Amino acid sequence: MGEELRIGCYICHCGLNIAGVINVEKVAEATGKLPGVVISKHYVYMCSEPGQEMIKKDIKDHNLNRVVVASCSPQMHEPTFRSVVEEAGVNRYLFEMANLREQCSWAHSNNPVKATEKAKDILRMAVAKARLLQPLEKREVQVKPTTLVVGGGITGIQAALELANRGFSTYLVEKAPYLGGRVIQLNRVFLTNEKASDILNPMINALTSNPNIEVFTNTEIEEITGYIGNFEAKLKRKPRFVNKKCNLCGKCIEVCPVEVPDEFNFGLNNRKAIYIPHKNATPNIPIIDEANCTRCGECVKVCKQNAILLDSKPENEEISVGTIIVATGYDPYLPVEEYGFREYEDVITQFQLERILSSNGPTNGRLIQPSNGKVPNNVVFVLCVGSRAPDRPYCSRVCCSVALKNAMLIKEEYPDTQVFILYRDIRSFSKGQEELYGDARMKGINFFKYLADKPPKISKPDNSQIQVQVFDPTLGMTVEIPTDLLVLVEAITPRKDATELGSKIGVTRTPDGFFREAHPKLKPLDTNSDGIYLAGVAQFPKDITECIVQAWGAAARVAIPMSKGRVDVEPIVASVNEDLCIECGTCESICPYGAIKKGEKGKAEVTEILCKGCGSCAASCPARAITIFHFTDEQILAQSLAVIGRENREL
């Protein structure tokens with residue numbers, strides 16, 4: 001190696017998370033006796049500023065050339081400590097981190113003695129690897145100053161506007177034939193009670209008039225290849241079958257003989273096979289539903305502008321961008337076969353209620369029972385429908401506040417209507433929302449709690465009113481509520497196409513099905529694919545305010561590499577020894593990032609900027625032709641030998 005090894009080891013107490021179980025003094029003492037270790041210390045919080053300064057000072061005072069920190073998960077603070085050693089003049093990759101919290105103290109909190117012994121072994125392994133660490137250097141890649149925003153809801157629109165206003169060219173791709181996402185389907189937003197359209201329409205106008213933004217509606221992502229700075233996106237723009245010659249006379253819609261449920265209004269009414277998605281839709285041009293159109297030609301006959309082209313075909317386009325923002329939103333949960341939904345006409349979802357209360361909805365904003373068109377005397381909301389369930393354990397976070405908002409709107413507009421809210425817990429969090437709950441009580445809205453294992457029961461004897469039975473643990477009794485309209489407050493769920501889209505863009509998902517961020521605390525907007533960022537409900541349920549904040553944040557994140565025009569590439573990547581490669585292709589088939597492929601000679605070649613150093617290829621290579629820098633076979637073997645060779649173990 002050509003230099004004397006001088007290793008500094010630091011054991012973090014992590015408050016009492018580690019020191020409350022592990023005897024950190026004994027671990028530091030034992031570690032100090034290992035070969036190459038010249039200093040071994042313990043401190044209450046190594047990630048704190050005093051802890052970081054301690055490491056920097058020791059590097060200079062003791063001429064350290066390797067550093068080991070034993071603390072929490074490397075996922076949490078490895079970047080922090082790498083920066084610390086680099087600032088002190090040591091190559092950032094001559095640092096090794098050991099996990100004493102998740103892998104030791106938390107796992108063995110009931111056995112401090114054995115936990116302490118295991119901690120010593122973990123330090124022995126870390127030091128053994130540190131002895132073999134080699135300096136690595138990052139390299140730079142050029143970044144195109146152009147962004148692709150996937151999703152045309154309020155989050156995607158805000159992100160695109162932020163970037164365009166900074167002077168960056170931006171493509172916005174929306175799968176639906178209109179802009180606005182889920183927010184455009186809302187009536188009013190909670191807290192301010194503004195009409196959702198009054199918020200969105202100015203944003204959409206700014207978007208479509210901005211010269212730095214090109215908008216694609218009715219368009220799907222077919223494929224995305226490349227890497228940060230140089231992504232290539234293949235788009236498929238589906239035909240609208242109606243061109244810009246259309247003067248919106250509406251005659252084509254009048255003569256169309258086909259009627260299907262209107263998805264924009266969640267099936268509350270029907271629309272034609274040629275239709276405008278909603279009033280003031282953008283683009284405000286009819287579109288033909290290809291799946292339901294019979295090609296009868298009646299619309300063509302009445303169109304004097306010759307604007308309808310039934311033989312239109314999809315158009316394929318390719319765009320090159322430097323960065324990508326994923327803001328694809330969500331789908332509302334569909335409570336099929338729950339609480340009488342689709343069995344009784346007067347059982348609706350909260351989104352259907354939003355459309356009923358909207359001035360551009362199927363009833364022009366008038367609250368009615370779908371079964372008879374009358375104003376309901378009693379309205380019952382059931383919260384947590386589809387949320388906090390065994391197969392969907394998360395809280396959807398905004399449903400309670402939206403239900404409170406809708407309940408209050410009903411009570412204000414229809415003071416004689418009795419409103420009931422059946423809840424497991426009221427989770428009206430954040431600024432002004434607890435007050436919303438208090439205001440709802442003051443307005444005479446009735447609240448009944450129910451238990452998770454005793455949800456409300458729905459019946460409708462002899463075609464009379466719907467009867468809702470709920471056991472309230474506060475009252476200690478079952479309450480029966482007759483209702484004219486039952487509103488199921490449905491969960492927020494990942495989009496149905498999230499799996500397919502995630503595969504195309506190389507973004508992983510959480511067990512809940514939402515797209516996964518790189519780090520929940522340190523990189524909440526990044527993904528594990530460099531250059532691809534998340535914003536809005538595509539990541540997890542959140543309200544409009546949080547979506548706007550994330551849109552700003554994601555725009556700021558992508559602006560950094562685009563402003564610089566370059567980005568550093570992580571050097572912990574795979575490397576192929578062509579002399580050993582047997583051209584079997586196993587590594588190519590197993591790589592989750594598409595970073596390794598056969599070259600012209602048939603040998604495996606690594607695209608370093610795509611590689612994440614996960615090690616799948618190295619572990620699967622039958623010829624052992626692949627090495628992962630910073631995790632070499634020699635380093636891993638040294639760790640293994642260290643843990644079984646106990647000659648220096650302190651007893």
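Colleague: Which residues of helix 10 are buried?

Modeller: The buried ones are Gln-350, Phe-351, Gln-352, Leu-353, Glu-354, Arg-355, Ile-356 and Leu-357. Buried means under 20% relative accessible area, with exposed being over 50% and partly exposed in between (1.4 Å probe, protein chains only). Helices are DSSP runs of H or I with at least four residues, strands are E runs of at least two, and both are numbered from the N terminus.

Colleague: And what sort of model is this?

Modeller: It's a predicted model: local features need pLDDT of at least 70 and side-chain atom pairs count only at pLDDT 80 or more, while totals for chains, interfaces and linings use all residues. Residues are numbered from 1 along each chain as its sequence is written, and side-chain values use heavy atoms, with hydrogens and water left out.

Colleague: Back to helix 10, then. What do its buried residues pack against?

Modeller: Strand 17 (331-332), strand 18 (347-349), strand 19 (378-385), helix 11 and strand 25 (485-490).

Colleague: At what angle do helix 10 and helix 11 cross?

Modeller: Roughly 35°, with the axes of helix 10 (residues 350-357) and helix 11 (residues 399-413) coming within 11 Å. Axes are lines fitted to C-alpha atoms, for helices over the stretch in contact, and angles run from 0 to 180 degrees between N-to-C directions.

Colleague: Left-handed or right-handed?

Modeller: The crossing of helix 10 and helix 11 is left-handed, meaning the near helix is turned anticlockwise from the far one by less than a right angle; clockwise would be right-handed.

Colleague: Which residues make the contact?

Modeller: Helix 10 brings Gln-350, Leu-353, Glu-354 and Leu-357, and helix 11 brings Cys-399, Val-402, Ala-403, Lys-405, Asn-406 and Ile-410. Contact is heavy atoms within 4.5 Å.

Colleague: Switching topic. How many residues are in the largest nonpolar core?

Modeller: That core has 68 residues, and Leu-163, Leu-207, Ile-325, Ile-596 and Ile-626 have the most contacts inside it. A nonpolar core is a set of buried Ala, Val, Leu, Ile, Met, Phe, Trp, Tyr and Cys residues joined through side-chain atoms within 4.5 Å.

Colleague: Which elements supply it?

Modeller: Those giving at least two residues each include helix 6 (154-165), helix 7 (196-209), helix 14 (544-564) and strand 32 (626-628). Helix 14 has the largest share of this core, eight residues. Apart from this core there's another, of 45 residues, with Phe-95 and Leu-133 among them.

Colleague: What is Ile-596 in contact with?

Modeller: Leaving aside neighbours within four places in sequence, the list includes Val-576, Cys-591, Val-606 and Ile-626.

Colleague: Now rings. How many aromatic pairs are there?

Modeller: Ten, from a search of the whole structure. Rings of Phe, Tyr and Trp (its six-membered ring) pair if their centres lie within 6.5 Å; planes under 30 degrees apart are stacked, over 60 edge-to-face and the rest tilted. Phe-420 and Phe-448 are a stacked pair, 6.4 Å centre to centre with 25° between the planes.

Colleague: What does that pair tie together?

Modeller: Phe-420 is in strand 20 (residues 418-423) and Phe-448 in strand 21 (residues 446-449), so parts 28 residues apart in sequence are tied together. Phe-420 is buried at 12% relative accessibility, and Phe-448 is buried at 15%.

Colleague: How is the pair of Tyr-437 and Phe-447 arranged?

Modeller: Edge-to-face, 5.2 Å centre to centre and 85° between the planes. Both Tyr-437 and Phe-447 are buried.
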